[in-house]
Amino acid sequence: MHRNVNILTMAIPPASLSVKSRQVAVVGAGPAGLVAARELHREGHSVVVFERGNEVGGTWVYTPRTERDPLGLDPNRPIVHSSLYSSLRTNLPREIMGFMDFPFLSRPGETRDPRRFPGHREVLMYLKDFAREFGVEEMVRFETEVVEVRILENGKWKVKSKRISSYNYSDDIDIVNKSEVEFDDEIYDAVVVCNGHYTEPRIAEIPGFSLWPGKQMHSHNYRIPEPFRDQVVILIGSSASAVDVCRDLAAVAKEVHVASRSVADETYTKQHGYDNLWFHSMIDSAREDGTVVFRNGKVVLADVIMHCTGYKYHFPFLDTNGIVTVDDNRLGPLYKHVFPPALAPCLSFIGIPWKVVPFPLSEFQSKWVAGVLSGRITLPSQEEMMEDIKAFYLTLEASGIPKRYTHQMGESQFEYNDWLAAQCGCQGTEKWRKPMYSAASRNKRLQPETYRDEWDDHHLVLEAQEDFIKFTSISNS
């Protein structure tokens with residue numbers, strides 16, 4: 001068991017400081033919501049976590065169910081939160097994935113996955129271990145969906161939720177019967193939004209798609225390759241999911257073609273080691289006869305087009321009177337991707353940045369939010385925060401970075417995490433973490449087939465394990 005008295009108290013402010021204890025609602029019990037709840041509780045706040053599902057873990061809770069609308073365009077469709085496919089393994093090594101003071105170590109047991117890049121079930125079990133270890137489960141109201149969050153005239157927040165007393169899944173996995181719905185209105189001092197951003201699909205806009213007669217779907221609704229046996233499948237995208245899913249499908253499909261915006265128009269290559277997997281430039285158009293034309297001039301008669309094109313930020317429950325908006329996937333205005341200046345500190349968002357190692361980043365953000373809410377940490381003025389945001393937007397614009405990439409971080413996440421750590425007065429990123437991230441990224445690029453099982457950063461693994469000793473006392477009994 002992981003237990004260390006020092007780490008449980010290190011974020012609690014000294015008694016000499018005058019701090020406020022607030023009633024805080026956390027929306028979502030995925031990784032961001034779990035660590036937010038822990039940090040808020042450590043800081044002395046009273047916390048309620050609202051979770052629409054019946055267990056913690058958020059997007060890491062695998063379900064074979066998919067949505068009735070395979071493209072995810074119908075706003076009234078029953079939502080399936082998770083986007084996991086059955087074969088998914090992490091694309092980051094477990095050492096850098098874990099929370100800072102609760103390392104993601106392999107644990108004994110037949111149900112555990114000891115691999116350095118484990119399957120999705122191991123990540124869920126780690127998150128459940130975390131929730132149990134820090135008593136977060138006791139703060140969670142399961143099967144309780146937030147339907148409205150709205151600021152009141154006195155500055156407090158109304159949270160309207162509905163509790164679903166039972167989920168009944170019929171044999172038709174698209175149909176969910178919800179029974180005995182109870183609505184509840186409560187008042188909170190602050191709301192922390194942690195509802196994830198892997199549920200509302202982004203769809204590629206291609207001429208002719210609306211008339212193309214084949215099946216279209218988003219990777220959000222992909223689970224297993226078997227339904228695509230002997231079919232010709234076109235994937236759009238170059239993200240982690242596209243890289244994995246195209247190889248998953250190639251084992252059973254007749255042909256798999258991957259279209260990407262990020263390659264030259266003349267691109268047309270067969271993947272080494274495969275007889276039926278090709279990489280193309282982007283699609284030029286789709287035709288009514290079932291063919292798809294690529295910018296490289298190739299024409300493919302396809303059965304399925306799968307959009308592996310990412311997701312949109314989506315907060316259908318949040319009413320800020322237009323203060324916070326989503327414009328071309330820029331959520332804003334947000335100071336340092338967390339606080340909307342006009343509503344700070346009582347509204348905040350955890351886990352918005354992408355192309356990051358999400359668990360530790362959410363942890364640093366959560367420490368900051370918890371400390372600001374207690375009064376231990378001071379934010380700049382509203383005007384100063386807005387000026388910072390405007391300067392950030394101008395920097396993106398000058399660099400030619402599209403608005404939809406506002407929250408993409410990549411390598412800059414480590415500088416960001418260290419900035420948050422400095423605000424909080426806590427330890428920043430360990431010296432091995434960034435080089436390990438870079439090594440994993442490089443290995444994935446050079447060896448996409450084998451990077452999860454072959455690597456050469458053993459010295460960094462040893463450094464990490466030495467670091468973990470101070471946080472862990474492990475019993476293998």
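Predicted model: local features only at pLDDT ≥ 70, side-chain atom pairs only at ≥ 80, totals over all residues.
Residues are numbered from 1 along each chain as its sequence is written. Local features need pLDDT of at least 70, side-chain atom pairs count only at pLDDT 80 or more, and totals for chains, interfaces and linings use all residues, while side-chain values use heavy atoms, leaving out hydrogens and water.

**Helix packing**

Helix α2 (residues 31–42) packs with helix α4 (residues 120–133) at about 15 degrees, and their axes are 10 Å apart. That makes α2 roughly parallel to α4 (angles under 35 degrees count as such). Pro 31, Leu 34, Val 35 and Arg 38 of α2 make the contact with Leu 127, Phe 130 and Ala 131 of α4 (heavy atoms within 4.5 Å). Six of these residues are nonpolar, none polar and one charged.

**Salt bridges**

The structure holds 34 salt bridges. Each is a side-chain nitrogen of Lys or Arg within 4 Å of a carboxyl oxygen of Asp or Glu. Three of them follow.

| Pair | N to O distance |
|---|---|
| Glu 200 and Arg 77 | 3.2 Å |
| Asp 185 and Lys 158 | 3.9 Å |
| Arg 452 and Asp 244 | 3.0 Å |

Arg 452 sits in the loop between α9 (433–446) and α10 (458–468), and Asp 244 in helix α5 (residues 240–250), so the pair ties together parts 208 residues apart in sequence. Both Arg 452 and Asp 244 are buried (under 20% relative accessible area; exposed is over 50%, partly exposed in between, with a 1.4 Å probe and protein chains only). Glu 200 and Arg 77 are buried too. Lys 158 is buried at 15%, whereas Asp 185 is partly exposed at 44%.

A network of salt bridges links Arg 38, Glu 39, Arg 42, Asp 101, Glu 363 and Lys 367.

How values were computed
Axes fitted to C-alpha atoms, helices over the stretch in contact; angles between N-to-C directions. Helix = DSSP H or I, 4+ residues; strand = E, 2+ residues; numbered from the N terminus. Parallel < 35°, antiparallel > 145°, perpendicular 65-115°, else oblique. Nonpolar A, V, L, I, M, F, W, Y, C, P; charged D, E, K, R; others polar.
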